[in-house]
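Thanks for making time this morning.

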Amino acid sequence: MRMIRFSLPAVLLAAASCTGQTGNGAEPVDVTEASPTRVRRLTRTEFDNSLAAVIPGMPPLSATFAPEDTILGFSTHDRLQVTSLLADQIDNGALNASVLAFRTLKIYEKCPADDVDKEKEEACTMPLLFDVASRTFRRPLTDEDKKELTTFWRDLRAVADPQTAQRTFLQGLFASPSFLYRTELGAPGMGRDQVVRLTPYEIASALSYAITAAPPDEELLAAAAADALDTAEQREAHARRLLATPLAQKRLYHFVTEWLGITGLANITKNNQVFPNFSQAFKDSSRAETKTFIEHVLANEGGSVKELLGANYTFADGRMATFYGRQSPTPNGAIGRMELPPERAGVLTHASVLATYALFDSSSPIRRGKFVLTRLLCQEVPSPPPTIVIIPPAVSDDTTTRDRFAAHTNNPNCAGCHVRLDPVGFGFENFDGLGKHRTTENGFPVDAKGSIAHASGDFSFTGGGELARWLANSEDVANCVPLQIFRYAMGREESEVDQRLLSDMRDAFKANPRLQLGEALVSLVRSPYFTHRRTANE
């Protein structure tokens with residue numbers, strides 16, 4: 001399939017095309033259905049990683065790009081668009097990248113200008129530019145690609161000196177759809193409404209971006225060239241190799257923060273009259289605690305969900321240690337490993353998470369309950385009816401938050417959802433809106449009894465720590481995490497055709513006694529459903 005060309009302001013032509021590579025498109029006997037073929041836009045992180053793979057040392061350039069929206073909590077979805085604003089930002093990013101690439105590659109030194117013999121200059125220049133284009137497009141160039149790129153170069157060279165032409169050529173590559181999008185189309189010419197196997201280079205890209213948010217490395221590209229990604233074992237070997245890389249650790253960290261909904265910690269604000277401990281310094285300390293803890297679990301505990309949710313320790317500085325009623329774990333107050341008090345367990349009782357799922361001036365049983373049900377148990381919670389005006393009960397100093405919010409359960413218009421949400425959220429009431437432990441509120445005893453409905457019945461608990469320890473060992477959580485990883489890595493919502501794949505992911509994940517995130521990803525890329533798509537029927 002050929003992509004629509006991307007027009008660059010101030011350049012003569014669009015850059016290269018995207019022609020699918022040949023491969024084994026035959027439908028195997030065990031795959032009779034598959035998700036639709038598609039084209040996915042790179043995220044900002046993928047954009048930066050992809051440029052750095054082409055030009056080592058390339059700094060991140062997407063910080064000024066418009067932020068991605070989220071679907072089901074994830075910004076990696078396949079509905080990302082290129083708005084006119086983003087198109088301008090990409091143009092600018094491609095321009096900046098071309099300047100840095102030009103200085104790094106130094107093609108002008110290897111192929112000096114030759115106005116007398118331009119064919120000699122072109123014969124020297126084009127192989128170097130073809131190499132950059134192949135790495136930019138993440139696949140070998142076809143003869144048709146080379147023909148179009150050569151025409152592009154000649155048109156540029158006709159009106160510009162070699163150095164200007166080289167920079168403009170590179171800008172065209174970095175703004176082309178063959179760079180900005182990755183395809184899942186299979187070999188061309190397979191017909192309508194057919195289950196097709198992705199090309200080897202599409203499989204390599206899908207595998208690499210799923211695990212590292214970056215394009216295939218040399219080993220993976222070599223495997224694609226050798227048709228050595230056909231079997232589940234071959235793909236698993238590369239997946240496990242990539243999971244040990246720093247890029248995979250960053251990718252999993254991003255997954256955890258989006259899964260838990262804590263990417264906005266820097267933007268949290270609180271009422272200082274209600275929460276005098278809140279300050280920029282407190283916010284920085286609480287963010288550092290959660291970041292260090294998650295990174296530790298990923299790097300040293302294999303991304304264990306049981307450890308993430310149920311650990312009896314954290315990494316706190318002096319400020320957070322005092323907030324938790326503990327001594328600083330280090331003599332100078334720097335961040336260090338610290339045992340948690342018994343009322344806390346894992347990341348769910350970090351101040352940063354509890355403050356995220358709270359209000360400006362109070363805790364929020366509704367937000368905390370919805371967080372647990374939707375993010376950790378994958379339960380659906382419908383939106384309130386449009387006739388209901390959502391106004392949190394006013395803060396009052398003559399009652400408790402639980403009593404104020406209990407009115408929802410008693411309201412027939414609200415009870416349908418709140419009978420599920422509130423019992424979970426009420427169990428976190430031993431923590432205020434900043435995440436500080438409490439036993440009283442406004443002089444009244446805090447009631448932190450709660451309950452949660454799950455696949456096998458109901459679990460009653462008292463306090464967020466007890467719930468966190470139960471969730472760490474919950475079958476429902478073990479079934480939910482692979483689904484969340486699927487949504488994140490595949491960039492879409494699950495459908496009926498994905499049920500076998502999800503079942504395999506869950507089995508592999510639960511077979512690991514520590515529920516390590518990498519096992520779900522390995523199972524994903526092993527599946528034949530990962531490597532097949534169904535062509536459009538029109």
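Domain bounds here come from an automatic or database domain assignment, and for this protein chain the assignment gives domain 1 (40-182) and domain 2 (259-472). The C-alpha centres of domain 1 and domain 2 lie 45 Å apart.

Please keep in mind that this is a predicted model, in which local features need pLDDT of at least 70 and side-chain atom pairs count only at pLDDT 80 or more, while totals for chains, interfaces and linings use all residues. Residues are numbered from 1 along each chain as its sequence is written, and side-chain values use heavy atoms, with hydrogens and water left out.

Turning to the interior, a nonpolar core is a set of buried Ala, Val, Leu, Ile, Met, Phe, Trp, Tyr and Cys residues joined through side-chain atoms within 4.5 Å, buried being under 20% relative accessible area with a 1.4 Å probe, protein chains only. The largest such core has 97 residues, of which Ile452 and Leu471 touch the most other members. Its largest share, nine residues, comes from helix 20 (residues 475-490), helices being DSSP runs of H or I, at least four residues, numbered from the N terminus. A second, separate core of 36 residues includes Leu51, Ala94, Val132 and Tyr209.

Finally, what is the nearest side chain of opposite charge to arginine 368? Arginine 368, in helix 16 (residues 365-376), is buried, and that nearest side chain is glutamate 429, 4.3 Å away. A polar atom of the arginine 368 side chain does lie 3.1 Å from the backbone oxygen of leucine 354.

Notes: Helices (H or I, at least four residues) and strands (E, at least two) are DSSP runs, numbered from the N terminus. Buried means under 20% relative accessible area, exposed over 50%, partly exposed in between (1.4 Å probe, protein chains only). Lys and Arg count as positive and Asp and Glu as negative; His and the chain ends are not counted. A salt bridge is a side-chain nitrogen of Lys or Arg within 4 Å of a carboxyl oxygen of Asp or Glu. A polar contact is a pair of N or O atoms within 3.5 Å; within protein, one must be able to donate a hydrogen and the other to accept it, and residues adjacent in sequence count only if both atoms are side-chain atoms.
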